[in-house]
Amino acid sequence: MAAMGAGRGFSTLLARAVRSAGTRSPAVGLAASSQQASKDNTGIRRLGTAASALEEPIAPPVQVKYTQLLIDGQFVNAASGKTFPTLDPRTGDLIVNVAEGDAEDVDRAVKAARKAFDEGPWPKMTAYERSCIMLRFADLLEKHNDEIAALETWDNGKPYEQAALVEVPMAVRLFRYYAGWADKIHGLTVPADGPYHCQTLHEPIGVAGQIIPWNFPLLMFAWKVGPALACGNSIVLKSAEQTPLTALYAAKLFHEAGLPPGVLNVVSGYGPTAGAAVARHMDIDKVAFTGSTETGKAVLELASKSNLKPVTLELGGKSPFIVCEDADVDQAVELAHFALFFNQGQCCCAGSRTFVHESIHDEFVEKAKARCLSRVVGDPFRKGVEQGPQIDQDQFNKVMGYIKVGRESGAKLVTGGDQIGTKGFYIMPTIFSEVKDDMAIATDEIFGPVQSIIKFKTLDEVIKRANATRYGLAAGVFTKNIETANTLTRALRVGTVWVNCFDIFDAGIPFGGYKMSGTGREKGIYSLSNYLQVKAVVSPLKNPAWL
């Protein structure tokens, strides 16, 4: 499985879930009829609605090696000497203290990146040589797959199987993809109206500032770093304060692969200090940010008030998942479940507004409830667990707050709605039906395991309702009718439409949003333009043989 590609990775997990759905009984996972925890022969604690305590957490099969900032090829302490805690979402306990970078450390990192770009060997290497370093790094990432996956699970709370079998291999695939692009970036020869030779050069933009989120730390590292290095830039990357560990580990592997000092610098720290310093720094030439829409606005404002650096933003979403009247209900339930609950619901593109045609609505709700009750929630290091804890106390409180608002606003709580246990940040998979479009659970990005099922009558109606949002990141369509699929894919105002699938993230498929879901695109050929400048070069021709 180590060589699994991106789309195949997610779809294989989904296929496995679909195959097991027919044999899974409501007694597995969160059993609504059970008031006490029980064990099956896998050792997984099955939890009832009584919010039973989880078993003692499994000791992670990994040691934390790197906790300092990586600047100019060296691990160093923060200039202030400060550290901050990174916590285990399973318990809320300390994993380790990590260096807390701030504006002074960002400035040190920018100086190293500027020197590496202006004077170092990186921009003077051939594109093929840069490609070889990226390929060596991908090999090292693949070699350390299990260790990196364990760090990701420990720091983030996502299932280890997801990290090890899907996400690390996806990152490997993406770096190999961009290594392939490194020596294929070139300009054009442009005909001119007169005796002139005109060509365009595609040049690296310079020092790129990159700010990544906590929900997919390693993958977002790959989405940002891959295209920037392929284009020949140097980087100052600010990791999320909740999940700093895998970025430091991966950056160390990059230097083992031969990356020159200063080309990739990693500063861990908080958004209002280190993140803001990246956004407003006068010697950073470009910023790429993934995170909430509110923070994205702040990043854009800081960039515009400093040196007017270009900014790409991959922001929030409230994606519709539309189940048409011709759908196979069992398959639609499984795909809608995956679209929302994957990664504990902590996905910017999660299908969190599940629109279901009125003719199959009631059947869908009952089957969605049964699937939700069978979802296996527990220690993400345990085999077979589908859902781990939310990332931290703040996110836990936010999700529980929205569940409370959903109840109070008149939506029908179908299942879930409570926390699990008394330790860690576990939440029951939750479904609301009878949801109205103006309810907060239907308009706001919850970023948690809360599914809102919404009834619709006609295609024209659901198009208008699906588009009636400030977001436009993604959408899902489930139908057997190609005409229906074509109508919806063209009408929905989103950056990605998945038809009869969801969360397919191959390296070459662009990803980004309309409206307040962001600007620019990640992945594929489109992301290269984020890290390039286009220069026109014109020179006269003397007695040309042809024009």
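Predicted model: local features only at pLDDT ≥ 70, side-chain atom pairs only at ≥ 80, totals over all residues.
User: Which strands form the open sheet with mixed pairing, and in what order?
Analyst: The order is β16-β17-β18-β15-β14-β19-β20, 7 strands with mixed pairing. Helices (H or I, at least four residues) and strands (E, at least two) are DSSP runs, numbered from the N terminus. Two strands pair if DSSP finds at least two bridges between them.

User: Which are the edge strands?
Analyst: β16 (412-415) and β20 (496-499), each pairing on one side only. On average, neighbouring strands of this sheet are turned by 25° against each other, direction ignored. Axes are lines fitted to C-alpha atoms, for helices over the stretch in contact, and angles run from 0 to 180 degrees between N-to-C directions.

User: How do β16 and β17 pair?
Analyst: Antiparallel, over 3 bridges, with β17 spanning residues 430-433. L413 stands opposite F432 in β17.

User: Which strands does helix α10 touch?
Analyst: Helix α10 (residues 329-341) packs on the sheet and touches β14 (320-323), β15 (353-357), β17, β18 (450-456) and β19 (474-478). Contact means heavy atoms within 4.5 Å. The direction of α10 makes about 135° with that of β18. Helix α12 (residues 393-408) also packs on the sheet, touching β16, β17 and β18, at about 25° to the direction of β17.

User: Switching topic. What is the volume of the largest pocket?
Analyst: About 890 Å³. On a 1 Å grid over the protein atoms alone, a pocket is an open set with protein on both sides within 12 Å along at least five of seven lines; a cavity is a set of points where a 1.4 Å probe fits but cannot get out; lining residues have an atom within 4 Å of a point. Grid points are joined across faces, edges and corners, and a volume is the space filled by probe spheres set on the points.

User: Which residues lie nearest the centre of that largest pocket?
Analyst: W214, F289, T290, G291 and S292, out of 47 lining residues. α9 gives the most to this lining, with 6 residues.

User: How does the lining of the largest pocket split by class?
Analyst: 26 nonpolar, 12 polar and 9 charged. Ala, Val, Leu, Ile, Met, Phe, Trp, Tyr, Cys and Pro count as nonpolar, Asp, Glu, Lys and Arg as charged, and the others, Gly among them, as polar.

User: Back to F289. What is its bridge partner in β13?
Analyst: L313. β12 and β13 run parallel, joined by 4 bridges. Both faces of β13 (residues 311-314) are covered: V311 and L313 on one side and T312 and E314 on the other are all buried.

User: How many cavities of 30 Å³ or more are there?
Analyst: The search of the whole structure finds 6. The largest cavity has a volume of about 80 Å³. Its lining has 13 residues, with G345, A350, S352, I446 and F447 nearest the centre.

Note on methods: Residues numbered from 1 in each chain as written. Heavy atoms only, no water. Buried < 20%, exposed > 50% of the residue type's maximum accessible area, 1.4 Å probe, protein only.
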